[in-house]
Amino acid sequence: MIAFIIRRLLQSVLVMLAVAFVAFALFTYVGDPIAIMLGQEFTEQDRARISAELGLDQPFFVQFARFVGNAVQGDFGLSYRLARPVEELLLERLPATLELSLVAAFFALLVGLPLGVYTGLNRDSWLSRVFLTVSLIGVSLPTFLIGILLIYVFSVEVNWFPSFGRGETVQLGWWSTGFLTVSGLRSLILPSITLGLFQLTLIMRLVRAEMLEVLRTDYIKFARARGLSNRAVHFGHALKNTLVPVITITGLQLGAIIAFAIITETVFQWPGMGYLFIQSVYFADVPVMAAYLCLVAFFFVAINLIVDLLYYAVDPRLRVDRAISGGH
Amino acid sequence: MATTLPDATKTAPGLSARILDSDVFYSFRKSPLTMLAALVTLVCFSGALLAPWIAPHNPFDLGSLNLLDASRPPVWIEDSDPRFLLGTDNQGRDVLSTIMYGARVSLLVGFASVIFAMVLGVTLGLISGYVGGAVDAVIMRIADVQLSFPAILIALLIDGILRAAFSHQLHDQFALYVLILSVGLSYWVQYARTVRGSTLVEKNKEYVQAARVIGVHPIRLLFSHILPNVIGPVLVIATINLALAIITEATLSFLGVGMPPTKPSLGTLINVGNDFLMSGEWWITIFPGLALVLMALSVNLLGDWLRDALNPKLRVTR
C-alpha cells in the first residue's frame, strides 16, 4: 500500500513538473518580456541590465528551478494585459468557477443517478427509450450550443433567468459567493445546467449499464429467492454495488467540469477563471495562461490521485489484481 | 457460426457486386437510421463542397451585399424576402449561403486535423510498439499525461501558444493551419494506443519474422508489412473522431480563438450571430448551430455503425 502511494505521488510530481516545464517554455520562448517592459526605445545596456535583474542571463535550468520555486509559492508574475499579479486575478475568480462546477456536478449526480436507475430497472419502457434518445442527442450537442439554446429559450423568449454574469454576490472574506442572494442563485441555474448536462448523460448511461450488469449476478437472484422486496433488492443490493465506479467517474469528471467551464463561462460571461483564460489566450497574456495551466493541471493531478487512492482503499479486488500482475 | 469460404474457382465478381454482397452493406441496408445518417452526411458534405457553385448567393462578394436586405427573417416568417430562404444576417448576407461556405471551412479543418492526428498517432504507435524499451515508455507516458486532460483543453492551449507566437494580423492568415495543428495534436493519443497494441501482437507473427530474416528495412517493415494489418480499427476511430474534430473546431471558433470572422467556419458564424440573439434575430445563430449538430450527429451515427459492422464479435449476437 505504501509503495503504491509513493509511486503514485512520484508520478503526480512528475506530471506537475512536465506541465510546469511547458508553462516555463511558454514564458521563455513566446514573446519578449524585456521588449514589453521597456517599450519601443531602449539601449543594449538597458536590455542587459533588465535581463540581469530578471535573471534571464542565467542558465536555462537555473531559470526553470526558480520558476518552479516561485510557482510553488503561488507567484506567477504580472499579467501583461491587466498589469496585476496573476495569483491575485486567479484567486478573485476562483470562487465563481468552483461554485459553478460544484453546482453542475451535483446537478449531474442528482438527476443522472435516478434516471440511470430508472432506465436500468425498466429497460424496455417507452420512457427509458425517450431518456436514452434524448441523452444521445445531448451528447452530440456541443456545450456552447446548449448554452445558446438555453439563453434563447429562458432569457430571451420567457425572461425567467438572467443570460449573463453572476448576479449579486456576497463577500465572505476573500471568497465571493452567489449562494446567498436570490439573483445569484437565479444566475447559477442556466450555466450549471449547461455545464452539467454532458456529465448527467454520462452518469445516467454508466449507472444504467452497471445496474443491468449487477441485476444479472447470482447474489441478486439469491436475494430475490430469499423473498426480499423489490425495493430492498434494487436499492439495498444492486444500487450499492454500482456506486463504486460511479463515484470514481464522477470524481474524475470534476476535473473535466472545471476545464469545460471555460466554454460555459464564455457563453454566459461568467466572471470565472475560464473566462479569464480565454481572454488571456486572445490577448496572448502569457503569465495568466501559464498560471491557469498549472492550476488546472494541479486540480487534475490531485483529483486523479485522490480517486486512485480511494479506489484502492474501497475495492479490495484491485489490490489482488496488482499483486498478480506484478505491480505493473 | 457457419461461414462459407469464398470459392476460388469462380471468376472474381466485379467490385460493385462485391460491395453489394458484403456483410457491411447488408448491415447498412438493415438499419434505416444509418441510411438516414448517410443521406444527411451526403447532403451536408456535397452542400459544403459545391458551395461556390450551388449556393444561392456569394456572401463574400461585397458588391452583391445590400444593407437594405439586412436582418431578414426566414421565408416562413413575415417581413421576409423570398430570395433568402433562411433569412439574412446584419450585413445582408444570405444565411444559407454563409452556412454552406462555413461548413466548407469546418469540414476542411475537420478532415485535415483527423488526417494529421492519424498520421502522427499511427507513426508513433508503430514505432512505440515495434521498438519498445525507453522509446515506448516515453511516448506512452506522454500519451498517458495527455489523456488525463480533456482534448478541448489541449487544443485551447496549443492554439494559445501559437497565437502568442504569431502577431495578430499574421494569426488571422494562419488561423486555418493553427487550428488544424491544435485540433490534430489533441487527438493523436487514441490512434497511437490502438496501433501500439496491435503492433505488439503483429510483431511476433511469422510474416514479420520472415520479413526481418530476409533483411527488409525496419521502416519498410513497419509501413508496408505491419501497417496494413493494424489499420482497420484506426479507420473506425478516424470516422468517430471526425465528428469530434468538427465540434472541437467549432468550439474554438465560437470562443473567438479559431477562424476569424473574415473566413468564418460554422463556429465563427454561431459566435457572430450570438450577439444578435438578444434582439430576437435567432436565425443568424440557430441555423448554423443546427447545421453543425446535423453534421456531427450523422457522422457520429455512421461511425458507430461502422464500428459495429466491422466488429465480427457483435455480429454473432444479432
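This is a predicted model: local features need pLDDT of at least 70, side-chain atom pairs count only at pLDDT 80 or more; totals for chains, interfaces and linings use all residues.
Local features here need pLDDT of at least 70 and side-chain atom pairs count only at pLDDT 80 or more, while totals for chains, interfaces and linings use all residues. Residues are numbered from 1 along each chain as its sequence is written, and chains are lettered from A in the order in which they are written.

Q: How far apart are the end C-alpha atoms of helix α7 of chain A?
A: Helices are DSSP runs of H or I with at least four residues, numbered from the N terminus, and α7(A) covers residues 143-157. The expected span is 1.5 Å times one less than the number of residues, so the 15 residues of α7(A) should span 21 Å. The distance in the model agrees with this, at 20 Å.

Q: At which residue does α7(A) bend?
A: The bend is taken as the angle between axes fitted to the seven residues ending at a residue and the seven starting there. In α7(A) this angle is about 25°, and the residue is Ile151(A).

Q: Is Asn159(A) buried or exposed?
A: Asn159(A) lies in the loop between α7 and β1 (170-172) of chain A, and has a positive phi of about 55° although it is not a glycine. Because Asn159(A) has 9 C-beta neighbours inside 10 Å, it counts as exposed.

Q: How many residues does chain B bring to the contact with chain A?
A: Two residues are in contact if their C-beta atoms, placed from the backbone, lie within 7 Å. By this criterion the contact takes 29 residues from chain A, and from chain B it takes 32 residues.

Q: In which helix of chain B is confidence lowest?
A: pLDDT, the predictor's confidence in each residue from 0 to 100, has a mean of 82 over chain B. Confidence in chain B is highest in helix α5 (residues 95-131), at 92. At a mean of 51, the lowest confidence falls in helix α14 (residues 312-317) of chain B.

Technical notes. Helices (H or I, at least four residues) and strands (E, at least two) are DSSP runs, numbered from the N terminus. A residue is buried if 20 or more other C-beta atoms lie within 10 Å of its own, exposed if 12 or fewer, and partly exposed in between; C-beta atoms are placed from the backbone.
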